[in-house]
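I opened the notebook to look at how two chains meet. These entries follow the order in which I looked things up.

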Amino acid sequence: MSGWEGTVTAYGLVLAAAVVASLVARRRPDVLGGLGMVVTWAMRRRSTQLFLLLTWWWLGWHLVTSR
Amino acid sequence: MRNPTAGVGWDYGQGVGERAQRVGWSRLTFLREPAVPLLVLATAVMVTRGYAADILLCVGTLALVVREGLRWRGRTADATPAPLRWRSVAGGCAIATVLGVGLSLIPRTERWLDVALAAVGVLALWLSLAVGPGGDGHLDDAPEPVPASPPRWWVWLGIGALLVLIELVSFLSQSDARTDNPDRPTISTLLEPTLAAGVPRAAGLTLWLLAGWWLVRRTRAWSGSRAGAP
């Protein structure tokens with residue numbers, strides 16, 4: 001397996017884990033909170049709110065502009 | 001009812017030095033919050049990459065965290081927003097789609113795209129900063145809401161940490177901070193060609209705008225979670 005394949009496989013496994021976790025959270029919210037619920041809970045702190053706003057804006061800017 | 005002694009900070013001249021010291025340190029408790037080391041790490045990565053705009057963005061956010069930390073003093077708020085009506089959801093999606101399609105028509109190299117995205121960011125920041133404790137630094141004595149932690153929240157933390165770890169390994173394997181390693185691609189290396197043009201670009205921008213709306217609604221939930229908020 002090349003480095004590229006290994007890296008893409010690793011990203012794929014993380015994505016698969018997120019999908020499985022989402023499905024579990026949807027079926028059994030008493031066992032696992034959903035991502036939205038967890039992020040909302042994390043945003044109880046002002047610093048987290050600002051950090052997530054920065055991350056959101058930077059990702060959009062980074063991915064769609066030619067910098 | 002507001003506490004008249006809150007926010008006085010270091011004050012040894014009033015004969016209440018010990019209390020003032022305690023209040024002074026309590027104003028800095030936000031420095032222990034998890035976002036602060038993450039921001040410092042992000043700033044270090046941006047300094048390594050050497051893009052002035054990214055560095056400015058991270059340093060500016062750190063400054064805002066300090067400013068807001070002094071206002072909030074480590075307090076928590078219930079960030080759950082009020083439920084939306086279907087009409088609001090449909091209206092928000094329609095606006096995001098129109099804006100997303102419109103932004104996708106601006107070429108990647110055009111400076112107007114930077115200006116338009118900056119305007120979206122400034123609007124989101126302004127909407128978020130417009131709520132919170134009073135500008136005079138005083139907080140009321142209402143009980144602080146402490147939202148219950150979702151079950152097994154650490155599962156999502158683990159998934160996020162794995163993603164960051166893979167991204168960090170890819171970044172560190174680059175010959176220099178600005179040159180992608182084709183053998184170990186970062187997420188942006190994989191996504192940028194997909195988001196270069198057409199429907200995926202419009203869809204990506206629409207989803208980005210909707211994600212921003214979702215976040216801003218939570219940053220503004222403070223005003224509904226505490227009595228007496230501005």
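Entry 1. The model is predicted, and I began at the boundary between its two chains. I counted residue pairs in polar contact across the interface of chain B and chain A, and the rule finds 18, with both residues at pLDDT 80 or more. I then asked which elements of chain B give two or more residues to the side that touches chain A. They are helix 2 (35-49), helix 3 (52-72), helix 5 (111-129), helix 6 (154-172), helix 7 (187-191) and helix 8 (198-219). I sorted that side of chain B by class and got 45 nonpolar, twelve polar and 14 charged residues.

Entry 2. I looked up the extent of the contact. Chain B gives 71 residues and chain A gives 47 residues. The area buried between them is about 5,400 Å², and carbon and sulfur atoms give 73% of this. On the chain B side, I noted that B:W156, B:W208 and B:L215 lose the most area to chain A, together 13% of what that side buries.

Entry 3. I searched for salt bridges between chain B and chain A and found one. A:R46 pairs with B:E68, and their closest N and O atoms are 2.7 Å apart.

Entry 4. I turned to chain B as a whole. I listed nine helices and zero strands. Of the 230 residues in chain B, 34% are buried. I also checked contacts in chain B between residues at least 6 apart in sequence, and 70% of these join residues at least 24 apart.

Entry 5. I picked B:T219, which lies in helix 8 of chain B. Is B:T219 buried or exposed? Its relative accessibility is 1%, and the cut-off for buried is under 20%, so B:T219 counts as buried. Its side chain reaches the backbone oxygen of B:V216 at 2.8 Å. Leaving aside neighbours within four places in sequence, I found B:T219 in contact with A:M43, A:R46, A:Q49 and A:L53 from chain A, and with B:S128 and B:V131 from chain B. A:R46 is also the residue that forms the salt bridge with B:E68.

Entry 6. I ended with the record for chain A. UniProt, in an unreviewed entry, places the feature "transmembrane region" at residues 6-25 and 46-64 of chain A. In the model, residues 6-25 of chain A are 100% helix and 0% strand, with the end C-alpha atoms 28 Å apart. For residues 46-64 of chain A I read 100% helix and 0% strand, and the end C-alpha atoms are 28 Å apart.

Technical notes: Residues numbered from 1 in each chain as written. Chains lettered and ligands numbered in written order. Heavy atoms only, no water. UniProt positions renumbered as here; feature names shortened; annotations may be inferred. Helix = DSSP H or I, 4+ residues; strand = E, 2+ residues; numbered from the N terminus. Contact = heavy atoms within 4.5 Å. Buried area = accessible area lost by both parts, 1.4 Å probe. Salt bridge = Lys/Arg side-chain N within 4 Å of Asp/Glu carboxyl O. Polar contact = N/O pair within 3.5 Å; in protein donor to acceptor, adjacent residues only side chain to side chain. Nonpolar A, V, L, I, M, F, W, Y, C, P; charged D, E, K, R; others polar. Buried < 20%, exposed > 50% of the residue type's maximum accessible area, 1.4 Å probe, protein only.
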